[in-house]
Amino acid sequence: MDDRRTPLARARGLGSAKEGVHHWSAQRLTAIALIPLVVWFAVSLVMLSGADYPVVRAWIGSPLVMVMLILTIGIGLHHAQLGLQVVWEDYTAGAVRLVMIVFTKFLAALFGLGAIVAILRIGLGG
Amino acid sequence: MSVANRPVHRPLSPHLQVYRLPMLAILSILHRATGIALAVGALYLAVWVMCAAASPRTYATFQGFNVSILGRFVLAGWLFSAFFHLSNGIRHLFWDAGYGFELKDAYRSGWIVVAVSAVATALSWIVGLRLI
């Protein structure tokens, strides 16, 4: 092979220091986790239709449901902000892109933490 | 004007207004559209548990929206988006693992996604929302 570059230049051409793939693999990992969680949640939602306030609160507050619900909302919002980041990267540029990606991530963190506090309040009282 | 920058009249790419999208392209854009819808749906889900934690009155207001025509429409759309994005997402994971790239396979898995999400959506609407 005719390669006249220095070893350093060639190493640089091979890509970054194993960090670039993180977004991609995090999106897939959260996707796999969401398969059972979304099936569980969709079935639960259909079973809960027509349930009144005390029934819904008792359901949210039971230990297993608390864990599953926190996982579903937490991982779901993480997966959502990873996906929306790609959407902004595809259709916007410059300052708009940066502002929208930061806004998306902050919104996901805000609603995610808000939901977790709400679930814990229902289950643990307060 | 040099040869290099003389304007060349090549055919333009097909315009979306006149080009009939192939089935695979429709599924592709639908995956992104349902993904965006579900991102908003996840915020809605967060609002749901926050309303349940707040007070019976707040929850009643939230439920009032859910049983309205618009609320039914949102929930029905949420269920469809979830089932479609879930089954098409599994299809994407197979592609990521290196399987099903042949055109024939892509069409077959595409129709499986359409069938699974249609049946799951219809079932959830009938049992959960009593729409039909």
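## The contact between chains A and B

In this predicted model, the contact takes 29 residues from chain A and 26 residues from chain B, two residues being in contact if their C-beta atoms, placed from the backbone, lie within 7 Å. On the side of chain B that touches chain A, two or more residues come from each of helix 1 (23–54), helix 2 (56–66), helix 3 (69–96) and helix 4 (103–129) of chain B, and helix 1 of chain B gives the most, with 13 residues. Helices are DSSP runs (H or I, at least four residues), numbered from the N terminus.

By class, this side of chain B has 20 nonpolar, four polar and two charged residues, where Ala, Val, Leu, Ile, Met, Phe, Trp, Tyr, Cys and Pro count as nonpolar, Asp, Glu, Lys and Arg as charged, and the others, Gly among them, as polar.

## Helix 2 of chain A against helix 3 of chain B

The axes of helix 2 (residues 22–48) of chain A and helix 3 of chain B come within 10 Å and cross at roughly 145°; axes are lines fitted to C-alpha atoms over the stretch in contact, with angles from 0 to 180 degrees between N-to-C directions. Residues of helix 2 of chain A, including A:Ile32 and A:Ile35, meet residues of helix 3 of chain B, among them B:Leu86 and B:Ile90, and the contact of these helices has ten nonpolar, one polar and two charged residues.

## Numbering and confidence

Residues are numbered from 1 along each chain as its sequence is written, and chains are lettered from A and ligands numbered from 1 in the order in which they are written. Local features need pLDDT of at least 70 and side-chain atom pairs count only at pLDDT 80 or more, while totals for chains, interfaces and linings use all residues.
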